[in-house]
Amino acid sequence: MNPILEHMTGLHMLTDDVIAMDFLMNAKSGVRNYAMAVTECATPEIKQILMKQLDEAIDSYEKISTYMMQHGLYHPHHIPEQIQLDLKNIQTAMNLPS
Amino acid sequence: MNSNYALHEMLEVHEMAAFKTVCMTKSKTMQSLVTDPELLQILQQEVKLSQQQLQELGGVLTKATL
């Protein structure tokens, strides 16, 4: 997109970090939603489809979380670091023009 | 076609289809905003997978007789 237009719409703040984080949260929600849906279904045909898609959702989560860990955007094994990152992200979001 | 799907099952599939639709729309939109090629590739893979999954969910919804 045009940089001037990006700046005007605030989209320049929508960095790869935010896109990756958004994707991660969606992937996590997907896994949970599928798991719940599977337990609510009785028909084998539907259950099978949902269980297959649950597996695929877990794979998607794996991909994005690995990417984020490699790029220092996600520290599931180091909580203090993760909290520092969270605080930084909070500040960035708070400072966005509204 | 007469299926024996229960109403609550169809509602679960409906919820998943709605969720996946929004996620895929977002992934498609984000593709034009992302700069890192590795992240772009993950997004593209996700769109491809979502398309397949939505087709399956759509198939179930089509067979539903409410």
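**Exercise 1. What pLDDT does chain B average, and what share of the residues score at least 70?**

Start with what you're looking at: a predicted model, where local features need pLDDT of at least 70, side-chain atom pairs count only at pLDDT 80 or more, and totals for chains, interfaces and linings use all residues. Side-chain values use heavy atoms, leaving out hydrogens and water.

- Step 1: pLDDT is the predictor's confidence in each residue, from 0 to 100. Chain B averages 92, and 95% of its residues score at least 70.
- Step 2: For chain A the average is 91, with 89% of the residues at 70 or above.
- Step 3: Now go by element, taking helices (H or I, at least four residues) and strands (E, at least two) as DSSP runs numbered from the N terminus. In chain A, helix α1 (residues 3–9) has the lowest mean pLDDT, 65, while α3(A) has the highest, 97.
- Step 4: For the complex, the predictor gives an ipTM of 0.91 and a pTM of 0.87.

**Exercise 2. Work out why chain B is more spread out than a compact globule.**

- Step 1: Count the elements: chain B has two helices and zero strands.
- Step 2: Its radius of gyration (over C-alpha atoms) is 15 Å.
- Step 3: Check the spans: the C-alpha trace of chain B covers about 50 × 15 × 10 Å along its principal axes.

**Exercise 3. Describe the interface of chain A and chain B.**

- Step 1: Using contact (heavy atoms within 4.5 Å), 31 residues of chain A touch 30 residues of chain B.
- Step 2: The two chains bury about 2,700 Å², 62% of it on carbon and sulfur atoms. Buried area here is the accessible area (1.4 Å probe) that two parts lose on being put together, summed over both.

**Exercise 4. Find the salt bridges, and say which chains they join.**

- Step 1: Look for a side-chain nitrogen of Lys or Arg within 4 Å of a carboxyl oxygen of Asp or Glu. Three such salt bridges cross the interface of chain A and chain B.
- Step 2: One pairs Lys52(A) with Glu56(B), at 2.9 Å, N to O.
- Step 3: Lys63(B) and Glu45(A) also form a salt bridge, at 2.6 Å, N to O. Lys63(B) sits in helix α2 (residues 37–63) of chain B and Glu45(A) in helix α3 of chain A, so this pair joins two chains.

Notes. Residues numbered from 1 in each chain as written. Chains lettered and ligands numbered in written order. Rg over C-alpha atoms; globule rule 2.2 N^0.38 Å.
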